[in-house]
Amino acid sequence: MTQSANTDQSPERERAIIHVDMDSFFASVEQLDQPQYRNQPGIVGGPGGRGVVAAASYEVRKFGVFSAMPVAQARRLCPQAILLPVRMARYRELSAEVFKIFRETTPQVEGLSLDEAFLDVTGSLALLGSIESIGASIRSNILQRTGLHASVGMAHNKFLAKLASDAGKPKGFVHVPPDGVQAFLDPMPVSRIWGIGKKTLPKIQKLGILTIGQLRKADPVNLSRTLGKRTGHFLALARGEDTREVIASTADKSLSREVTFEKDINSAREMFAELQRQAESVTERLRSQGLVARTIQVKIRDNRFRTASRSRSLVAPTASTQLVFKQARSLLQTWLQDHQNTPVRLLGVGLSGLEEPNERGIDYDSAGQKALDSTLDEIKRRYGDGKATRGLALRKARKPK
């Protein structure tokens, strides 16, 4: 938003962008489903030395615990924290309901993750009211229909809307009007500018620039000596300018699941058990989207961090857990023949070539297998991962994260 563009006729001013970010989504879901853990320091993640924190409740964050931190470090910071397993099927179920609410408001929804999205509600203003009334309705509907809280940021571009939702967390509701951009941005640390990370930040601070306001007022010539070609980009953001459009999300082009083991394994049976669990996970997601897959891929990383992949394309696409598992097992067996007794650190299964099923595609080898998949999907949706699975997958493979 340059001085010349600061008019009521600016196209950017006419846009209405909302950023919605669920508050500590995974941890909040666990506290919702298990009331005994509410108001308690909770960590969602994998156990063991290689486990990482997938989500941290707000109660545990005051101890310095955050997402992506090693679980071992988090437990040292907060020994009394409750460690809860990841239940992706349950998170995807609630995420689907949240995104349904988004799309009831506008078709212009750009999903960033299971719990975060940009919405362009410009075309909804005439029908649904002001950006604040739309934001309030979204937040209220999410709470009523899921029992979860969301933070909502509203502005005339994506950069400001994102900062607004972050500024109000948790349960935030912040609107940055066009005439309030400078007052909102100027006091913020310069590190809040997208693209100013650990390498760039010290260079800017050496110039005496600590806040966004100071960056906005800085001499572009002096800045260019430090920031080079990125100077114009950073100055535009410091002025609150962002011309990026909300790009409506499309269906996944691929689905995958991978696991890093707490300890490297070399037992083929343990690897096959893990493949069974992963096949169940990716095909459940596949079926939830009403799709079938034509290509199955296996990813293997050994104890020397060498990564290999094997893939196979089918004549007819499938959504069958057992068919995917059989193909993945065959691919892994091929690799094992050439790498006998090689310890495996990471194992993954991926599906690509996703498409809608048609009558010519044989996506199941029997009606019984299709019925079994449907039954297990329903059990997982209701009761969470791990409540029902196939026999081989019950074999534990040394606490994967």
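Author: Happy to! Let us begin with a term for what touches what: contact means heavy atoms within 4.5 Å. Helices (H or I, at least four residues) and strands (E, at least two) are DSSP runs, numbered from the N terminus. This is a predicted model, where local features need pLDDT of at least 70, side-chain atom pairs count only at pLDDT 80 or more, and totals for chains, interfaces and linings use all residues. Residues are numbered from 1 along each chain as its sequence is written, and side-chain values use heavy atoms, with hydrogens and water left out.

Reader: What covers the buried residues of α2?

Author: The cover includes β1, β2 (42–45), β3 (53–56), α3 (58–61), β4 (82–84) and α5. Buried means under 20% relative accessible area, exposed over 50%, and partly exposed in between (1.4 Å probe, protein chains only). Seven of the nine residues of α2 are buried, and the helix is mostly covered. Those buried residues are Phe25, Phe26, Ala27, Ser28, Val29, Glu30 and Gln31.

Reader: What makes aspartate 21 buried?

Author: Aspartate 21 has 10% relative accessibility, which is under 20%, so the label is buried. Its place is in strand β1 (residues 17–22). Not counting residues up to four places away in sequence, aspartate 21 touches several residues, including Asp115, Glu116, Lys162 and Lys169.

Reader: How do you know that aspartate 33 forms a salt bridge with arginine 90?

Author: A salt bridge is a side-chain nitrogen of Lys or Arg within 4 Å of a carboxyl oxygen of Asp or Glu. The closest N and O atoms of aspartate 33 and arginine 90 are 2.8 Å apart, so the pair qualifies. The pair links distant parts of the chain: aspartate 33 is in helix α2 (residues 25–33) and arginine 90 in helix α5 (residues 88–105), 57 residues apart. A search of the whole structure finds 20 salt bridges.

Reader: Are these two partners buried or partly exposed?

Author: One of each! Aspartate 33 is partly exposed at 28% relative accessibility, whereas arginine 90 is buried, with a relative accessible area of 15%.

Reader: What separates glutamate 93 and arginine 90 in helix α5?

Author: About one helical turn, because they are three residues apart in helix α5. At 30% relative accessibility, glutamate 93 counts as partly exposed.

Reader: And what makes the pair of glutamate 241 and arginine 239 a salt bridge?

Author: The closest N and O atoms are 2.9 Å apart, so this pair also meets the cut-off. Glutamate 241 is buried, with a relative accessible area of 14%, and arginine 239 is partly exposed at 29%. Elsewhere, salt bridges that share partners join Glu30, Asp33, Arg87, Arg90 and Glu93 into one network.
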